[in-house]
Amino acid sequence: MDPALSVLRARSSDAEATASQLAAVREQLGLQDGPFVHLARWLGGLPSGDAGVSWVSGEPVLAQVTAAFAVSLTLMLGAFVVTVLVAALISARTVRLGARRQLHRARSGSVAVALAALPKFLLAALLALVGGVWLGWFPSQGWSGPASMVLPSLALGIPSGAMIGGLLNQALPAAFAEPWARTWHAHGYAPAKVARTAVRRALAGVLPQLLPTVVALVGGAVAVEQIFNIPGLGRLSLDAAIAQDLPPLQTATLALALLGVVAGLLLQGLRHLLLGPALRAGGLPALHTPPLPQGRATRFLTVGCALALAALIVAGLLRDPLTVDTAGRLLPPSVAHPLGTDALGRDLLARLGHGALRTVSISLAVTAVCVVAGLLLGAVPRATAGLTEVTSTLPAVLAGMLTTAVTGPSAWGSALAVCLVGWTPYAAQTAALIEQERASGHFLASRSLGAGPRHLLTWHYLPAVLPALALSALLRLPTTILVLASLGFLGLGEQPPTPEWGRLLSENQPYVELAPWAVAGPAVALVLLAVAAVGAVGTGRGGRAWIPARGRRSRRGTGSASGLTTE
């Protein structure tokens with residue numbers, strides 16, 4: 001789209017876009033000079049604190065971005081506190097049982113998976129409605145003080161905390177199964193001391209996920225900022241991107257990139273501090289999940305979720321998803337419409353069923369590409385130093401704008417946009433796990449015995465990385481669906497009337513108060529999909545670590561009881 005036309009419409013939606021007006025806008029902004037001249041001018045003004053003026057409002061950009069950045073950073077810190085609390089609650093039972101050597105069964109993780117699958121914008125709408133409007137406990141709109149950050153922090157922090165807590169919960173059994181834990185327990189060490197050391201040991205592998213999960217909320221919490229009317233950096237970036245207002249967009253992107261680099265360095269330093277000298281001395285045993293059996297309740301829950309989801313999809317496929325009935329708008333669930341109808345009177349069960357294959361297939365394809373890209377890029381952390389941190393803080397909508405300019409609005413264009421930024425969590429996790437694996441005693445022993453790259457890849461790198469990446473990918477699958485939906489909602493992805501789960505949530509989110517059933521169906525389907533997928537992986541593993549038999553035998557007795565410095 002012509003930047004002059006976008007700026008003109010952003011300045012006044014009623015203005016008629018005549019040739020003379022567009023020419024005046026081009027001359028005023030100097031668009032005839034080309035993008036490189038504008039970029040050079042912008043870069044030249046940055047050392048003196050001049051980031052230019054907004055093409056739309058005419059106000060200084062630096063003041064706008066600084067104010068929005070402060071708001072988003074404060075909101076991110078609030079979400080971080082909620083993330084830590086939720087992660088601690090989710091992993092508390094595993095910590096307590098493991099410290100007492102009573103962890104005999106694998107945890108299903110269904111609570112963490114269900115919370116991680118909750119759409120942030122849907123949770124934000126419910127919190128604003130219940131906590132802000134009905135109960136009046138906290139403000140539901142605006143940014144006027146500490147009370148204004150409570151509800152949006154909960155909306156952002158609960159799913160993020162469930163994500164981090166689920167990953168930590170899966171890593172803790174391996175930490176408690178290490179030789180030092182058995183030795184300490186046999187010598188009568190206090191369970192609290194064992195628990196602290198195990199959490200410290202397991203947290204090092206999960207810590208890199210804070211960057212793409214929590215820090216990225218500074219620029220990626222666009223939907224939540226819109227619902228609560230928060231003047232944050234995400235909204236500023238989105239508005240600037242839509243209006244093609246380059247000065248604030250460039251400045252906001254630079255601020256996010258610098259934040260990513262600084263946060264990445266801090267998290268890397270904290271991770272090295274947690275692991276201590278063992279990371280450098282080669283005395284760090286690799287974490288591998290012990291063979292804990294799955295409980296019967298976990299298997300029943302997995303099968304139940306899978307059957308319920310299959311029943312919803314099959315029943316929806318037997319109905320027409322495109323028939324519009326304006327006389328039956330937002331009808332509640334009934335025999336004729338088991339999940340109710342949407343704002344156009346279309347059957348929600350039909351749209352849910354027909355959108356299942358397209359939603360899941362595109363999301364799985366995007367997730368697979370992101371995992372493979374993250375695995376490859378994370379395996380060479382020196383070559384991608386800084387790239388992961390910068391990319392992880394950039395909103396997907398910016399990538400969506402770039403891909404749409406090339407491919408046009410389409411489902412696969414939005415999928416490409418998500419792939420451009422979605423690989424960062426897996427790259428950060430891969431780099432951290434490979435670094436720990438290289439510092440383990442059995443890895444150094446294999447190297448000293450002349451093991452080649454193929455042997456190291458088969459028996460060391462892949463067994464250390466793949467289980468954690470698979471779990472992380474499944475936990476992030478609902479998030480991928482929702483990011484694709486948000487791009488479609490902005491006109492950058494899947495276009496109506498195509499039924500797609502994320503779009504169903506986006507389209508019906510404004511009617512949460514009037515017709516909550518309009519969003520209940522796709523939200524429940526996301527939760528069922530996530531729980532069934534994670535449960536199926538756990539059941540398929542049979543409670544055994546994903547390590548080849550020779551790899552498991554070669555690891556016996558390699559862990560050192562003093563491999564982790566605790567003082």
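Gly276, which comes directly after helix H14, has a positive phi near 75°. H14 itself covers residues 246-275, and its 30 residues reach 43 Å from the first C-alpha to the last, close to the 44 Å expected at 1.5 Å a residue; the expected span of a helix is taken as 1.5 Å times one less than its number of residues. Helices here are DSSP runs of H or I with at least four residues, numbered from the N terminus.

The model is predicted, and for that reason local features need pLDDT of at least 70 and side-chain atom pairs count only at pLDDT 80 or more, while totals for chains, interfaces and linings use all residues. Residues are numbered from 1 along each chain as its sequence is written, and side-chain values use heavy atoms, with hydrogens and water left out.

**Helix H20 and burial**

Helix H20 (residues 411-422) has 12 residues and spans 16 Å between its first and last C-alpha, close to the 16 Å expected at 1.5 Å a residue. Nine of these 12 residues are buried, so H20 is largely enclosed by the rest of the structure; buried means under 20% relative accessible area, exposed over 50%, and partly exposed in between, with a 1.4 Å probe and protein chains only. Among the buried residues of H20 are Ala411, Gly413, Cys419 and Gly422.

**Nonpolar cores**

A nonpolar core is a set of buried Ala, Val, Leu, Ile, Met, Phe, Trp, Tyr and Cys residues joined through side-chain atoms within 4.5 Å. The largest such core has 96 residues, and those with the most contacts inside it are Phe228, Leu233, Trp501 and Leu505. Helix H25 (residues 517-541) supplies the largest share of this core, 13 residues. Apart from it lies another core, of 31 residues, which includes Ala415, Ala417, Tyr426 and Leu492.

Contact is defined as heavy atoms within 4.5 Å. Leaving aside neighbours within four places in sequence, Trp501 is in contact with residues that include Leu309, Leu352, Ile481, Pro522 and Leu529. Ser472, in helix H23, counts as buried at 0% relative accessibility. Not counting residues up to four places away in sequence, Ser472 touches Leu167, Gln209, Tyr426 and Gln429.

**Salt bridges**

The structure holds six salt bridges, each being a side-chain nitrogen of Lys or Arg within 4 Å of a carboxyl oxygen of Asp or Glu.

Glu178 sits in the loop between helix H7 (150-176) and helix H8 (179-186), whereas Arg201 belongs to helix H9 (residues 191-206), and the pair links distant parts of the chain, 23 residues apart. Glu178 is buried, with a relative accessible area of 4%, and Arg201 is buried too, with a relative accessible area of 1%.

Asp347 and Arg319 both lie in the loop between helix H16 (296-317) and helix H17 (348-378), so their pair ties together parts that are 28 residues apart in sequence. Asp347 is buried, with a relative accessible area of 6%, but Arg319 is partly exposed, at 27%.

Glu507 lies in helix H24 (residues 501-508) and Arg346 in the loop between H16 and H17, so this pair ties together parts that are 161 residues apart in sequence. Both Glu507 and Arg346 are buried, and they belong to a network of salt bridges that links Asp342, Arg346, Arg351 and Glu507.

**Aromatic pairs**

Rings of Phe, Tyr and Trp (its six-membered ring) pair if their centres lie within 6.5 Å, and planes under 30 degrees apart count as stacked, over 60 as edge-to-face and the rest as tilted. By this rule the count comes to three aromatic pairs. The rings of Trp184 and Tyr189 have their centres 5.0 Å apart and their planes at 15°, so the pair is stacked. Trp184 counts as buried at 10% relative accessibility, while Tyr189 counts as partly exposed at 37%.

Phe443 and Tyr461 form a tilted pair, with 5.6 Å centre to centre and 40° between the planes. Phe443 lies in helix H22 (residues 441-448) and Tyr461 in helix H23 (residues 453-489), so the pair ties together parts that are 18 residues apart in sequence. Phe443 and Tyr461 are both buried. Ring pairs also link Trp180, Trp184 and Tyr189 into a cluster.

Note on methods. Helix = DSSP H or I, 4+ residues; strand = E, 2+ residues; numbered from the N terminus.
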